[in-house]
Amino acid sequence: MPTRLIISPPATGKTEYCIEQILGHLKEHPLSQVWVVLPDRLQASYFRRRLAESGGALGAHVGRFGDLYKHILERAGNYVPVASNALLHRIVQETVDAASLVHYAPLRTLPGFILVLRDSFAELKRSLIYPEEFVEQSKNASLAQQELAQLYVAYQARLRELGWADTEGLSWLAVASLEANPALLDETLQLLVVDGFDSFAGAQRRALQLFADKADVLITLVGGENSRRQAHRRFIKTLETIRKELSPELISISHAPTLPPDVLHIEQRVFEAGGESIRTAEQAFLSEMRSPSDEAREALRWVKSCVLRDEVPLHECAIFTPNPDVYQPLIRSAAREFGIPVFFTQSESLTTSPAIAALLNLLSLPAQNFKTRSLFKVLRSPYFSFSFEPQTIDTLEQVSRVALIVEGKLQWDETWERLAPTKADEPIDLDDERRLPGLPRGKDANTLRSKLNHLFAQLTPLDGDHAQTEWVRWLEDLLDTIRFYENADNERDELACESFRDALRALVMSESIAGSRVVDFQQFTSDLQSALEGSALTEPRIKNQPALLIGNMREARGLRYQAVALLGFSEGVFPEVENPDPFLTEDLRAELGLDSRLEREQAGLFYQAVTRTDQHLLITRPYLSEDGEKWEPSPFWNAIRNLFDKKSVERTIRPDDPRSLVDAASSQELLFWAVRRKGLPKSYDELLSRWQALQHARIILSARRAKKPVGVFEGSMPDLKEILSARYAPNQIWSASRLEAYGACPQMFYVSSALGLEASAPPELGLEANQIGSMLHKILEDVYKTAENPTDVNSVLSRLPGIAKEVFATAPQEYGFRPSELWEIEQEQFLESLKVTIQALGEESEGWTPFAYEQAFGIEDLPPLEIQIGEEKIRMRGVIDRLDKNADGQLRVVDYKTGSSHLAKGDLINGRRLQLPLYALAARDALKLGEPVDGLYWMILAAKAGSLKLENFESEDGDGFDAAVEIVKKHLLRIVTGIRSGEFPPIPPKGGCPAYCPAAQWCWRYQGGW
Ligand code: SF4
């Protein structure tokens, strides 16, 4: 019986005809072997369902070509087991390792190379191109092609040697068995129905020829017998091949397509030159919106409305996208919000699972020499239990920052060596530049060291090369210890762990089949990563629950739905930009008869996708690209739009457009739209409590957006008055820097002092400002203190080299940093700066004699400064860097600063710098050292004084030291009262917020520019 071929447009009853033929055949020959072959599992299960609904599922096998091949091989007694992903990966890897490569040598260690080779071999096999044939053809070809042929031969030889096949190899074996024994089909196949294909690979065509010799073969194809249409070009090519190879009898179907009128209009006219006839669409189905994310939401909203309003069953709806990598995550998240169960036909790679990504990060630590940033990511990961308290991790992170630990156990060891022999000092509240973080020292340092060393030992892999099975054992032990599987406690993570275990099992199995693969840890992790990249992440799914199908545009064929949404009709997305394959080049493809990568006839895919629906159609596109540029529609979009009256078919949905609440697909969306409309109708009373919460949020937002920060959402905390008044009671001894923090920004004081938070920043090269400040202060103190004559610059300078050397020598221990390779150079630079600054300070100090250094007040048993302001007595403490005396016994206060910003008169007037007048008052009133008449900030690195000097201070209320004190008193009262009454508004300081403000990471009033 000749092969029969049905060729007709979509929705004309081809599948129905096939089912009738099967039923008729089985009725006449109940014991007959009937096979139905479809392109993929999705179409197979669809066909199976339709066959069952027609009452004929019994007696017919429905599957893919691969299933039929297996069946034939089992009958022939030639069945060869199909190798797992891991085994195939292993074989390709071995092949590459053993080959002497020149052209591909730079790629041989890249995991992606193995995956690309596997794809190329699979394509060659599907096209029935045998290795020997390929080698023959490549004799005079490029080096790249010769090496590819060499690898292909070696791969196939190894596969045979082990007695396994790959999926594509089954077709070869089946074809070979049939060629050797055509009688095999007598008992295997009487009727073969091939439905839903738009093209056939070489191996499939050869198999069809063999089947056609013995069995009744019925093939369906979309299109028209004599069609020349662009939309049919893909099918025309296939038709020509079938005609040549199978000489089929063409069967026509007289049914008119049962497509909805608008879709029928497209089917009949799209891409037809001169065939445009403009029609008014029954409803607009071309929707353009801002972004792919908006498209995903719109499509799901539309599906939900089809289900609820038009009573379309969910399993009769489908969304197809041209680029699952982009659209899949967007659809997943919107579907979760809208409560729509979804089923993705394409699984993501296992490496996209957060649990597996965290695990791969952990395994990469030894190769990265325990890079600090990755180490803390691992320590803080919820997937691992390392028995480190969060506080311990914070402390370690602080040590890494202060000690500039970028990577490696060695750098940690150097740091512990410095911290362990020292004792922790009681932190003194000095100015910002000298406030050193409290580091663990002595016993605490040793405890942390042993904890961290234990972690390093746990994560350090076995030495040398080992068999993969041994590596898997090591890994499993580690994962048990850190409770990886127990911590993966949601369904998605659990499924990922299950697939991960399968991948490990497959690695072990591949070793028992192909022999030991002895590799080092790096190669093992690379093998593992490739195996995981090739493994699919199973989607969680509730059994028997109907779900919305989300597929790739390429899969939109064969199946029919009641409602279909197609996404991504913008330029460059669909049709997608086609790139040549660098391995199987276009010339080689033409020579071997493989499909071109550059002419994939996407118009045919588009035609099939558009005609999949029996009722509802939605096509969407994004109109703005990621960088905010206008995104042009794709030619397919334009082709449809040109067939309709534009107004009736196209609509633009902008994010700010008012939407009807009845169209909301989730309660979040409804509330969001209601906020825009400024009202929630009574009919939605069940959402009242959430609506009220949103109104509350609106009050907070408007407070935060107001010009001036006022009110309870802007740092006003009257409820804390009592607690704060007790905590900051009159007996509190303040430091100038704490009060200055409030003066700079009340909220900064609240966050840093009241809450005790610290800003955290990743370690940067070079010493931190507070480490430099502390070192330079110490050197200046000691040189002046020990100079024979502190008023003589040369005498002071003569002390500098020796003292600096001593301070530099102990600085790493003292301040907890790890000297970098630049430390020697940095010392020379500091020394030079100090020389210049001592000379300049000498010139600035004509007539002044230093007499006290690092003079404390209010610390230990030294009396505090007490300032009476009305009824309020404010007590202060601090350390005065240097005190000078003139010939009249009057005093000058000198405060060293390493930086040079905010040391001007205005900073005192606005309350940001209070230190100088306060220290001058302390010298007079607390320490009884004399009458202060001047004071200055000395900028060490700039070698000059700040512009604020007490002697020539001027303000609207008066001049000189007394006027400065009056201003300070006003600020003190304002600050202390503000703190006690819980007033902490976030007011960005003039010139921007300081980087050390702990709130800088989240504060809504943050202003850069410090
Ligand atoms: S970020 Fe700026 S405004 Fe916010 S608390 Fe810090 S200093 Fe104040």
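**Why is it called that? A walk through a predicted model**

Guide: Strand β1 (residues 4–8) runs parallel to strand β5 (residues 216–222), the two being joined over five bridges. Bear in mind that this is a predicted model.

Visitor: What makes β1 and β5 a pair?

Guide: Pairing takes at least two bridges. With five bridges between β1 and β5, they pass. Within that pairing, Arg4 stands opposite Leu218 in β5.

Visitor: Why are β3 and β6 said to stand at the edges?

Guide: Look at the order of this open six-stranded sheet, β3-β2-β4-β5-β1-β6, with parallel pairing. β3 (60–63) and β6 (249–251) have a single partner strand each, so one side of each lacks a neighbour in the sheet. On average, neighbouring strands here are turned by 20° against each other, direction ignored.

Visitor: Which helix packs on the sheet, touching β1, β2, β3, β4, β5 and β6?

Guide: That's α1 (residues 14–28), and its direction makes about 170° with that of β5. Helix α2 (residues 41–53) lies across β2 and β3, at about 150° to β3.

Visitor: How do you know that Glu161 and Arg158 form a salt bridge?

Guide: The cut-off is 4 Å between side-chain nitrogen and carboxyl oxygen. For Glu161 and Arg158 the N to O value is 3.1 Å, so the pair qualifies under that cut-off. The two are three residues apart in helix α7 (residues 143–162), which puts about one helical turn between them.

Visitor: What about Glu486 and Arg483, how far apart are their closest N and O atoms?

Guide: They are 3.2 Å apart, and the two form a salt bridge. Glu486, at 54%, counts as exposed, while Arg483, at 40%, counts as partly exposed.

Visitor: Which residue forms a salt bridge with Asp527?

Guide: Arg517, with the closest N and O atoms 2.8 Å apart. Asp527 sits in helix α23 (residues 521–533) and Arg517 in the loop between α22 (491–514) and β12 (518–519), ten residues away. Both are buried.

Visitor: Why does Trp1004 count as partly exposed?

Guide: Its relative accessibility is 33%, so it falls between the 20% and 50% limits.

Definitions and conventions:
Residues are numbered from 1 along each chain as its sequence is written. This is a predicted model: local features need pLDDT of at least 70, side-chain atom pairs count only at pLDDT 80 or more; totals for chains, interfaces and linings use all residues. Side-chain values use heavy atoms; hydrogens and water are left out. Buried means under 20% relative accessible area, exposed over 50%, partly exposed in between (1.4 Å probe, protein chains only). Helices (H or I, at least four residues) and strands (E, at least two) are DSSP runs, numbered from the N terminus. Axes are lines fitted to C-alpha atoms, for helices over the stretch in contact, and angles run from 0 to 180 degrees between N-to-C directions. Contact means heavy atoms within 4.5 Å.
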